[in-house]
Amino acid sequence: PAGVLVYDVRNVLSRRDTILFSLPYVLKPPVLQQTADANAAVYRPSACHRLDKPTCGLLVVGKSKPAVVHICKQFMQREVLKTYTAILNGK
């Protein structure tokens with residue numbers, strides 16, 4: 001929702017009011033087999049991009065390290081199609 005920070009690196013005291021702080025309570029990391037995939041889990045689910053504070057929209061989150069790396073790479077290479085809608089009031 002608009003007005004909620006994805007993360008806040010400037011103010012340690014307000015980090016509890018961020019989406020990244022809340023993610024582990026909403027999303028549980030995937031259960032991985034005891035193989036090489038055991039290193040693939042992330043300590044916490046991680047956002048793959050950010051939204052500005054006054055913006056609302058979809059936030060893509062990865063639950064494993066390979067997923068976060070893959071999705072972040074798609075954002076960096078501009079492979080993700082984004083659509084914006086503006087609501088204007090006035091003249």
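Start by selecting K73, which sits in helix α2, residues 65–76. Helices here are DSSP runs of H or I with at least four residues, strands are runs of E with at least two, and both are numbered from the N terminus. K73 counts as partly exposed, at 46% relative accessibility. The scale is this: buried is under 20% relative accessible area, exposed is over 50%, and partly exposed is in between, with a 1.4 Å probe and protein chains only. The C-alpha atoms of K73 and C48 are 9.1 Å apart, while 25 residues separate the two along the chain.

A word on the model before moving on. This is a predicted model, in which local features need pLDDT of at least 70, side-chain atom pairs count only at pLDDT 80 or more, and totals for chains, interfaces and linings use all residues. Residues are numbered from 1 along each chain as its sequence is written, and side-chain values use heavy atoms, with hydrogens and water left out.

**The whole chain**

Zoom out and show the cartoon. You will find two helices and two strands. Along the sequence they follow the pattern α-β-β-α. The protein has 91 residues, and 19% of them count as buried. Take contacts (heavy atoms within 4.5 Å) next. Of those between residues at least 6 apart in sequence, 41% join residues at least 24 apart.

**After helix α2**

Select R78, in the segment after α2. Its phi is near 55°, a positive value in a residue other than glycine. For background, most residues other than glycine have a negative phi. R78 counts as exposed, at 70% relative accessibility.

**The aromatic pair**

Go to helix α1, residues 19–26, and show the side chains of F21 and Y25. The two residues are four apart, about one turn of the helix. The structure holds one aromatic pair. The ring centres of F21 and Y25 are 5.9 Å apart and the planes stand at 45°, so the pair is tilted. The rule covers rings of Phe, Tyr and Trp (its six-membered ring) with centres within 6.5 Å; planes under 30 degrees apart are stacked, over 60 edge-to-face, and the rest tilted. F21 is partly exposed at 25% relative accessibility, whereas Y25 is exposed at 67%.

**The salt bridge**

Select D52 and R50. Their side chains meet in a salt bridge, at 2.2 Å from N to O. The term means a side-chain nitrogen of Lys or Arg within 4 Å of a carboxyl oxygen of Asp or Glu. By this rule the count is one. D52 is partly exposed, with a relative accessible area of 40%. R50 is partly exposed too, at 49%.

The largest pocket has a volume of about 540 Å³. Fifteen residues line it, and the closest to its centre are H49, L51, L58, K82 and Y84. A pocket is an open set of points on a 1 Å grid over the protein atoms alone, where a 1.4 Å probe fits, with protein on both sides within 12 Å along at least five of seven lines; lining residues have an atom within 4 Å of a point. Points are joined across faces, edges and corners, and the volume is the space filled by probe spheres set on them. The lining has seven nonpolar, five polar and three charged residues. Ala, Val, Leu, Ile, Met, Phe, Trp, Tyr, Cys and Pro count as nonpolar, Asp, Glu, Lys and Arg as charged, and the others, Gly among them, as polar.

Last stop: the second largest pocket, about 150 Å³ in volume. Of its ten lining residues, L5, V6, Y7, D8 and R50 are the closest to the centre. The lining has five nonpolar, no polar and five charged residues.
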